Every structure is written in C-alpha cells, then in structure tokens.
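Trainee: I have a new structure to go through. Can we look at it together?

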Amino acid sequence: MISYTSFAFFILYFGITFLLYTIAPCKAKWCVLLVGSYVFYFVSSKGHILPLIIATIAVWAIGLWLQRLNDIQKVKRKEAPKEERKSIKALYTKYRQWVLALGVAITFGILLVCKYSNFFIDTTNSILGLNINNVSIIQPLGISFYTLQAISYLTDIHHGKFEAEKNPLRVSLFLSFMLTIVEGPVARYDQLGRQFKELKAFDPQAFVSGAIRICWGLIKKVVIADRTAELVNAVFDNHENYSGLAVVIGILFYTLQLYCEFSGVMDVVCGLGEAMGIKMPENFNRPFFARSINEFWQRWHITLGAWLRDYIFYPISLSKPFMSLSKSARKKFDAYYSNLIPTAVALFFVWFGNGFWHGAGWKYITYGLYYYALMMLGLFLEPMFRRLCSALKINRESKGFHFFQMARTFVIVNFGMLIFRADDLKTAWEMLKSIFTDFSFSILRVGAKNGFGLDVKDYIVIVVGVLLVLIVSILGEKGINVRERILALPFIVKFILFMVMIYSVIIFGAYGEGYGVVDLIYANF
Amino acid sequence: MKEMIKGYIKPCIKILAFVLAFFILLECLSVTYFSKARASQYNNKYSETMSFFNEPANTLQIVGIGNSDLYSGFCPPELWHNYGYVSTSIGSPRQTPQQSLDLLKEVYSNQKPRLVFIECDMLYDEPPENVDIKKDERDIDVFFDYLSPDSFDEGVKNVFPIFTFHDRWKNKKGVRFANKNHGYKFSNKVVPVKVHEGFMNKTDVSEKIVKIHGKNLKAMVNYCRKNGSDVVLMTLPSPSSWSYERHNAVVEFADANNLDFIDFNLMLDEINIDFAKDFRDKGNHLNYYGAKKVTEYLGEYISKNYEIEDMRKNKDYAYWHKSYRQFKGQLV
C-alpha cells in the first residue's frame with residue numbers, strides 16, 4: 001500500500017495528478033482526479049481492483065433505479081386523485097426500500113465476504129466445535145470506507161436528498177477518490193460528489209493554506225506518532241515482560257500514537273484537498289477536550305460517528321417498532337426513562353456497528369460495546385448523579401468540574417485503547433490486571449536503561465511535539481485559528497515558518513534506518 | 001490586470017520562489033552536514049555501513065556487500081590479521097539489492113576492488129516459513145515491484161542523502177568515528193540456537209528469486225565485472241532465514257552467470273560452526289566467534305583462487321595494524 005506520507009505518493013501519484021489537475025480546464029479536472037485515483041488504487045492494491053469496480057457499477061445502477069422509482073412516484077402522485085396519493089407514496093416507498101435493501105446487500109455483502117469471512121468461520125468453529133478451514137481472501141484496500149460511502153449515497157437518493165448521478169464515472173470518482181479511500185474521511189455525496197462538478201481554477205491562497213495543514217499533519221504523523229510506535233510495540237508485542245506502570249505508559253503512548261497518526265493523516269488529506277480547492281469533511285475536533293464519551297465520539301472520527309447516527313441510529317429509532325416501544329415505555333416510566341429505553345436499544349446497534357466496522361474480531365466488538373455500556377450507565381444514572389451533585393452543592397458548570405469530566409473521559413478512552421491495541425481480549429485483560437496487581441515505579445529505572453527502544457532525544461522530541469499539539473489545540477478551543485493567523489503574517493515570516501515546519505518533518509521525522517516501518521493504522525480497517 | 005497580478009501571479013511567483021529555496025537548501029544540506037561521507041566520519045548508526053568512505057582511495061582489495069548477515073559474519077579486521085587482505089563489509093539491516101547496487105556505485109567512485117562478495121540472503125524479504133514457494137510471481141507482480149513506493153523512495157534518498165541521514169543530530173557531537181571494524185558489526189553475545197528439523201534437507205525444489213531482486217543482482221554482477229572485479233556469491237550461516245530451496249535458486253543464478261557460490265549453510269561441519277556458541281540471536285546472525293570461522297575460510301578460499309597481495313608488510317597499509325589493535329580491544 002502506498003502511504004500518504006511516502007515520497008512516492010507526494011511526488012508521483014499526487015504530484016503528477018495535481019500538476020495535470022492544475023493545467024486541465026475546469027470542466028475536465030474531475031477526469032484527471034478519476035484517472036489519478038484509479039492509478040493510485042490500482043498500484044496501491046496491487047491490481048485487486050475488481051471488488052471496487054463491482055461495487056461502483058452496482059451502486060450506480062441501483063442509484064438510477066431508486067431515482068427512477070422516485071420520479072415515477074412523483075408523476076403518479078401528481079396525476080392521481082387526492083385520496084390515492086398516500087397509498088401511492090406508501091407503495092413506492094416500499095419498492096424503493098426493497099431496491100435500497102438490494103443495494104445495501106450487494107455492497108455490504110462484498111464487505112462481509114472480503115473482510116469478515118474468516119471471522120464467521122472461526123466463530124462458527126468455536127461455537128459448534130467444527131473444523132472448517134479459513135478462506136484465503138485478500139481484503140480490498142479501502143473497502144470499509146467506500147462501502148459506507150456507497151450505502152450513504154443510495155440511502156440519500158432513497159430519501160430524495162439529491163438526484164442519482166447518471167454518469168457512472170462520477171459515481172466512480174466519489175467512491176475511489178484517492179484522498180478518502182485509504183483512511184477516510186467517510187464523505188457524503190452532497191459534500192464531496194457535488195464539489196467534483198464545480199471544480200475551480202488554481203487558487204494560490206488555498207494552496208498555501210492547504211500546504212500549511214499538510215505540514216502540520218506530517219509533524220503529527222511522522223515526528224510524533226511514528227516515534228511513539230517504538231515504545232508502543234515494545235510494550236504490546238512483549239506484554240508478558242511488562243506490567244504495572246509500563247503498561248500504563250504503553251497505553252498512554254498508544255493513545256498519543258493513534259490520535260497523532262489518524263488526525264495527522266486527516267490533516268494531510270484535508271490539506272491536499274484544500275490545495276486543490278476541495279473542502280473535505282473534518283474528522284477530528286480536539287477530542288481530548290471532551291467531557292463525556294458521547295462528546296468524545298462527536299469529536300473523534302466525526303464522519304464515522306455521523307454515518308452511524310444518520311444511517312443506523314435514526315432509521316432504527318424512528319422506525320415503527322421503536323416508536324411503539326417508546327409509546328409503551330411512556331406508560332410505565334417517567335419521561336426521561338421512557339425516551340431513554342428505545343434510544344438505548346437503537347444505540348446498541350450503533351456501538352455494535354462501530355466495533356464491528358473496526359475489525360473482524362471479538363475484541364473490536366467488545367471495544368464498541370465497552371463504550372455502549374459506559375454510555376448507558378452514565379445515561380441511566382444521570383438523574384441520580386444530578387441529585388447527588390445538587391445535594392453536595394457541586395457546581396457542574398464550574399471549570400473544576402469540567403476539568404474533572406475531561407480527566408474522567410480521558411481515563412475511559414485510554415482503557416478503551418487497551419482493548420483496541422491488545423492482541424486479543426485475553427491479553428487486554430491480563431495487561432489490565434497487571435496494572436493493579438503489579439504496580440511499581442521500578443520500570444522507570446529499568447525502562448529508562450533501554451528506553452523502551454527510544455533514547456533521551458526521542459523523548460524530548462515527543463514532549464516538544466505534544467506541547468505544540470496541546471498549545472494549538474487550546475488555542476483552537478478558545479476559537480483562535482492558528483492557520484489563519486499564520487496566513488495573515490508578512491510573507492518573509494510565513495516563508496521562514498513554513499521552511500522550519502517542513503525541515504522539522506525531514507530532520508526530526510521517525511523514518512528510515514533504525515525506525516520500524518509504521519503502516520497507517522486505520523488503513524487496516 | 002493589476003488585480004490578476006496581485007491576486008494570482010504574485011502569489012504564484014512567491015510559491016515558486018519558496019519551492020526553489022526549499023530544493024536549494026535540501027541539496028546544500030545533503031552535500032554537507034547530512035552527506036554520506038559525513039555520516040562515515042562521526043559516530044552514528046550509519047558509520048559502519050558508510051565506513052568505506054574513510055578508506056583511502058584505491059586501497060580496497062575486497063568488498064563484501066549484503067544485509068545484516070554480512071556485517072555480522074564477515075570480519076575484515078580478521079581477514080587483514082590472518083591474510084593481509086584489505087577489505088570492507090558494506091551492509092545495513094534489511095539492505096536490499098537495489099540499495100546494495102547504489103552503494104557499490106559509490107565504492108567504485110574511488111576504489112578498484114579485485115574481488116566482490118555478494119551475500120545472497122538479501123534476495124529474500126521474508127523468512128522461508130512465511131513464503132508459499134509454490135506460488136509463482138505473476139508478471140503483474142513484477143510491474144508492481146517496479147512501481148512500488150519503496151523503489152521510488154530509495155531513489156529519492158539516493159539523490160538527497162539528507163532523507164537517509166536526517167537523524168544525525170541524535171548522535172554525540174563531534175565524536176569522530178574510528179574505523180576499526182571496517183564495516184563489521186562486532187558482537188560477542190552468545191545465544192544458543194536450536195536448529196529446526198529439516199534445515200537444509202536436500203530437495204530439487206527452488207524458491208525463485210523475485211524478479212526485481214534478480215535484476216538488481218544481475219546489475220551488481222555486471223557493474224563489478226565492468227569495473228574489473230571478480231564476483232563471488234555467498235550465503236553466511238543463518239538457519240532462521242535460509243533454506244535448500246533458496247540455495248537451489250541461487251545455484252541456478254550462479255550457473256547462468258558463471259559465478260562461484262559459497263553456501264556456508266552446507267558447510268557448517270567443515271568450518272566447525274557450533275550452534276551453541278557462534279550466534280548472537282536465534283539463528284539469524286553470527287557473533288564474533290562464528291564470524292572468525294567464516295572469515296578464516298574466506299581467507300583460505302581467496303588465497304587459493306585469487307592472486308591478491310598480502311599487504312601486512314606494506315608501509316602504506318600500516319594504519320591497518322593500528323586499527324586491528326583497536327578492533328581487538330573490543331574483545332576485552
């Protein structure tokens with residue numbers, strides 16, 4: 001796979017595409033993006049392009065079918081007498097639902113087969129005591145991301161949000177766009193697909209703004225995340241040699257690695273998009289300032305959370321069975337709990353889906369349900385907690401209480417990261433146990449001797465990097481856009497600052513000999 | 001028009017000026033502080049690999065090139081001490097044939113080695129148990145290997161060495177590198193090895209060399225011969241990363257290109273390799289005690305097959321006696 005942070009990507013694949021994109025007339029720019037995206041995908045996936053093509057054709061055809069049903073419904077309703085219009089709408093809604101179900105079945109089916117076959121086989125074997133062999137299927141690059149985009153495209157057409165795209169190549173570009181296919185963000189057609197129809201000429205301001213964001217992303221990914229990977233791998237891949245404080249340090253560093261890598265890569269792709277005049281959806285919004293798990297997931301992997309909300313939570317919670325459940329609950333419980341119960345059931349599917357999407361393994365499902373369980377606990381106990389705070393005269397709007405909430409959320413997230421990173425649930429449990437049963441500070445002496453694979457200068461770079469990220473984040477929380485401030489600086493100051501940023505990545509980056517090759521974490525999902 | 005110049009042309013000129021300044025600075029840094037030659041002069045993790053830059057021009061008689069198997073198992077100071085041959089070992093962890101070819105070209109810029117040993121473990125990227133040797137390389141796989149980002153990235157690093165030596169700032173300031181090992185990575189750590197059953201059991205099956213590696217190996221052989229050097233292929237003892245199937249593939253290559261091939265994995269008894277004492281890890285790399293045995297054999301092989309002068313009494317090479325004494329100091 002071609003990493004977004006490799007020379008090959010910047011110079012060859014994106015570089016040549018960008019050059020051709022810049023000189024192409026506005027109406028033809030989307031064609032350049034399409035060809036560039038397919039060349040990138042073809043080489044990156046070593047020719048395993050068939051699943052993407054099949055999904056694209058299916059999505060395009062089903063989209064047109066849904067649109068056709070929408071159009072027929074409109075015509076028939078217009079022509080029919082008033083008393084028949086409701087039944088026509090119900091009939092065509094039912095037809096569209098079946099067609100949508102077919103579209104979802106095809107795209108989701110390809111994902112299930114390619115990504116989850118061996119998971120189902122292993123689970124069946126362990127439950128039924130069978131010995132079915134695993135199948136050898138190569139997981140297509142980006143399938144988890146373009147499947148979600150495909151389902152959102154079809155569902156939005158079903159709801160009449162926009163008309164189906166007649167040109168299959170434009171649908172193809174939406175699904176295969178080189179900046180979204182590897183690690184997201186999970187874009188919507190009306191966010192991204194529409195922009196492809198209105199591509200503009202080269203804008204130097206946008207280019208510079210995008211370039212600053214790319215540099216910032218590279219600092220997070222190459223300087224900080226890839227450097228912390230050494231310690232994380234040392235602790236998690238040899239967990240039997242570590243316990244207590246070492247495991248805590250490993251978890252904290254993994255959280256740092258995952259955040260800096262994922263948000264860093266998002267900065268890179270958003271910056272690249274901005275340089276081309278394309279606004280990409282945001283995926284991170286300073287998640288560690290969240291005061292609850294709910295808020296955390298509105299700030300972390302935003303596009304995934306939004307997708308689960310719009311295409312799982314709302315359809316389930318607004319469906320007839322759930323409306324009935326809510327009605328029944330209102331007869332037995334007060335207003336708060338009667339709304340909570342159907343929400344809780346719908347959220348189960350959301351969090352199960354969240355975990356399941358991340359990986360074909362029970363640890364990922366547990367990861368999703370871990371957040372579900374804590375969220376439900378919080379929601380169910382909220383009235384009691386509110387009364388308790390009132391009785392103890394705790395001001396829940398005070399800065400101190402907010403800080404407590406942020407710290408609590410941070411701890412919860414880190415325990416979730418332990419589940420996420422450990423090899424399996426058993427290992428995660430053993431590591432968790434060891435934090436409490438074998439806690440000592442001696443590892444700081446022992447670990448300091450070999451440094452968990454890092455030396456003093458590496459730790460200095462990490463600390464400086466984290467401080468920089470923290471400062472930029474705090475300024476962001478206060479509404480100060482650091483990038484806009486930089487863009488407003490005099491040319492020579494911008495010149496020097498930008499040069500410093502690029503050379504920081506080149507000189508302080510954790511790449512090359514002595515550093516492990518760090519694959520993009522989310523590209524494996 | 002004024003607006004177009006202010007809003008568009010002027011910013012574009014500024015961007016181009018920046019890009020130009022960036023590349024000028026990149027080249028300046030690549031030829032000065034972050035250059036290959038500089039990497040060999042000051043203590044850092046690249047010093048041993050680049051140590052051949054420290055050898056005076058036209059002094060090297062023998063060059064060994066390969067990955068970590070080579071720099072762990074071929075010991076130039078011992079070859080000097082016992083036979084008077086002037087040699088160097090040029091290797092780095094997971095060094096690829098492409099990287100080896102680039103390094104060889106650097107060597108020939110001011111050296112004329114008489115003999116080059118190419119260590120063949122670098123022809124295989126994965127240990128034998130991770131490879132399905134029945135699976136043939138598709139033509140399209142070859143296409144992807146050529147387009148792989150690794151190949152392109154290596155090319156960029158070769159043009160701008162700053163990308164290879166970018167972390168020189170991490171090493172101690174001003175500590176000059178003492179070229180006592182001449183590329184050899186000294187280790188007297190002993191890890192007993194349990195050799196797996198079936199290691200080097202004879203078979204007719206061959207594990208094909210990936211085409212891109214085969215192409216680069218051929219390019220290395222041709223380059224060396226074009227510059228007047230003889231070439232010998234070899235594989236050092238490495239139970240965890242070698243197999244008879246790989247041996248067969250290299251034999252095919254050697255026969256097709258009229259090359260000698262020394263496979264030490266078939267000569268373990270002959271050179272008296274002791275699995276309890278001669279490795280520094282779980283069977284991938286020799287330690288000093290194993291390297292000494294391999295180097296002794298190579299010295300004997302060279303003396304019987306090549307007319308290479310013993311330089312121990314040559315005053316121009318007296319510095320090698322000094323560097324050998326420094327090398328021996330590590331054994332204490």
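Trainee: Which residue stands opposite Gly64(B) in β2(B)?

Mentor: Ser89(B) stands opposite Gly64(B) there. This is a predicted model, in which local features need pLDDT of at least 70 and side-chain atom pairs pLDDT 80 or more, while totals for chains, interfaces and linings use all residues. Residues are numbered from 1 along each chain as written, chains are lettered from A and ligands numbered from 1 in the order written, and side-chain values use heavy atoms, without hydrogens and water.

Trainee: And in β3(B), what is the bridge partner of Gly64(B)?

Mentor: Phe117(B) is the partner of Gly64(B) in β3(B).

Trainee: How many bridges join β1(B) to β2(B)?

Mentor: Five, and the two strands run parallel; β2(B) covers residues 87-91. Strand β3(B), residues 115-119, is also parallel to β1(B), with four bridges between them. Strands pair if DSSP finds at least two bridges; strands (E, at least two residues) and helices (H or I, at least four) are DSSP runs numbered from the N terminus.

Trainee: Why is β1(B) called largely enclosed?

Mentor: Because five of the five residues of β1(B), 62-66, are buried. Buried means under 20% relative accessible area, exposed over 50%, and partly exposed in between, with a 1.4 Å probe and protein chains only. Ile62(B), Gly64(B) and Gly66(B) are buried on one side of β1(B), and Val63(B) and Ile65(B) on the other.

Trainee: Switching topic: how many residues are in the largest nonpolar core?

Mentor: The largest core has 170 residues, and Phe9(A), Tyr153(A), Phe177(A), Leu179(A) and Ile278(A) have the most contacts inside it. Helix α9 of chain A, residues 245-275, gives the largest share, 19 residues. Apart from this core lies another of 75 residues, including Met122(B) and Met200(B). A nonpolar core here is a set of buried Ala, Val, Leu, Ile, Met, Phe, Trp, Tyr and Cys joined through side-chain atoms within 4.5 Å.

Trainee: What is Tyr153(A) in contact with, leaving aside neighbours within four places in sequence?

Mentor: Among them are Val59(A), Phe162(A), Glu165(A), Phe174(A) and Tyr189(A), where contact means heavy atoms within 4.5 Å.

Trainee: Which residue in chain A has a phi near 50°?

Mentor: Lys46(A), also not a glycine. Lys46(A) is in the loop between α2 (29-44) and α3 (50-79) of chain A, and at 41% relative accessibility it is partly exposed. Most residues other than glycine have a negative phi, and most peptide bonds are trans.

Trainee: Where is a cis peptide bond, then?

Mentor: Between Gly184(A) and Pro185(A), with omega about 10°. Pro185(A) is in the loop between α6 (168-176) and α7 (189-193) of chain A.

Trainee: Last one: which residues are closest to the centre of the second largest pocket?

Mentor: His159(A), Tyr311(A), Tyr314(A), Pro315(A) and Ile316(A), out of 35 lining residues. A pocket here is an open set of points on a 1 Å grid over the protein atoms alone where a 1.4 Å probe fits, with protein on both sides within 12 Å along at least five of seven lines; lining residues have an atom within 4 Å of a point.
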